[in-house]
Amino acid sequence: MVHVRSKPLSFLLFISKILVIFLPPIGIVVAMVLMWGGLFRWTDLLLFVALYLATGFGITVGFHRYFTHRSFKANPFVAWLLGILGSMAIEGPLDWWVATHRRHHRHSDHDLDPHSPHAGRMPGWMGFFKAFLHAHVGWSFRNDCTNTEIRRFAPDLLKDPVSVRISRLFPLWAIAGLLLPAAAGWAMEPGWRGALLGFLWGGLVRVFMVHHTTWSVNSACHLWGTRDHETEDQSRNNILFGFLALGEGWHNNHHAFPSSARHGLKWWQFDASWIVIRVLCLFGLVSDLKTPRGSSRRESVAESWPDASV
Ligand SMILES: [Zn+2]
Ligand SMILES: [Zn+2]
């Protein structure tokens, strides 16, 4: 189910997508050239790592495991914080992100899946390459993939004042995600040089890395890796993205148990997001963590989020 946007709005969205997708790689090139010329501080790397983790967990713990799958309960402060940090990853407004991801679960690797590397794939290497590109980022430019109806897939978010406000203020969080590292860079070395390096490493380079690890869960984790569970899709447990995507690469586990707060189910399947959730739980900030422990059957998609009218 899709809804139609007006032409000026569609054009504006198209331009903003171009900027969001192409500015970060340009930022990486500029950062590398400056580094080659000796313009680099170790504190920039620290800023990059700190913001990669903060906004990455905003996506994995916040957007995905909390808002999309409601795999634990959080107090309002934590919900706000996770929502804002996830928005600072600049992957789109919270309500749209959640609706799109639920649609992925509902139609995994079938025609209505917004980003499958399998549905509609043409034969041969060219077909494979095109399908990979579509699942990774190309789908962002196709209206039939991005016009997911929020009322249908995320009605619970539209009733929740916290997620409504976070979603509406998305442009503010996105800009803050770029200006804050610039301000931090300035604080570490007053002047335009400090601000530029902070903006590049904590802003554009970090956004590039968070984007591509998230997108790899949609593309690589439906193509390469092991299948511990017989799911009706092509999801895979991929060790590389198990680490890089902070636990989200155990994607076959996730498709088998969508509402589980824990994705790395074996002892060696390192799941950084699960550790964060456990620590938050220890401090009483989140509760009611769902896990598949003791459950021998897979969950149906409809069980994985409230108000499932899909
Ligand atoms: Zn998937
Ligand atoms: Zn999911």
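At what angle do helix α2 and helix α14 pack? Please bear in mind that this is a predicted model. Helix α2, residues 42-68, and helix α14, residues 272-282, pack at about 75°, and their axes are 10 Å apart. Because angles of 65 to 115 degrees count as roughly perpendicular, α2 is roughly perpendicular to α14.

Let us look at the residues involved. From α2 come Phe57, Thr60, Val61 and Arg65, and they meet Ser273, Val276 and Ile277 of α14.

In soluble globular proteins, nonpolar side chains tend to be buried together. Here the largest nonpolar core has 52 residues, and those touching the most other members are Met88, Val98, Leu200 and Trp201. Both α2 and α14 give two or more residues to this core, as do α3, α4, α7, α10 and α11. Which residues does Val98 contact, leaving aside its neighbours within four places in sequence? They are Phe63, Phe67, Thr68, Ala154 and Leu157.

Finally, helix α3, which spans residues 76-87. Its twelve residues reach 16 Å from the first C-alpha to the last, close to the 16 Å expected at 1.5 Å a residue. Within α3, the residues Leu82, Gly83, Ile84, Leu85, Gly86 and Ser87 are buried. What do the buried residues of α3 pack against? Their partners are α2, strand β1 (73-74), α4, α9 (161-168) and α10.

Notes: Residues numbered from 1 in each chain as written. Chains lettered and ligands numbered in written order. Predicted model: local features only at pLDDT ≥ 70, side-chain atom pairs only at ≥ 80, totals over all residues. Axes fitted to C-alpha atoms, helices over the stretch in contact; angles between N-to-C directions. Helix = DSSP H or I, 4+ residues; strand = E, 2+ residues; numbered from the N terminus. Parallel < 35°, antiparallel > 145°, perpendicular 65-115°, else oblique. Contact = placed C-beta atoms within 7 Å. Core = buried A, V, L, I, M, F, W, Y, C linked by C-beta atoms within 7 Å. Buried ≥ 20, exposed ≤ 12 C-beta atoms within 10 Å, placed from the backbone. Expected span 1.5 Å × (residues − 1).
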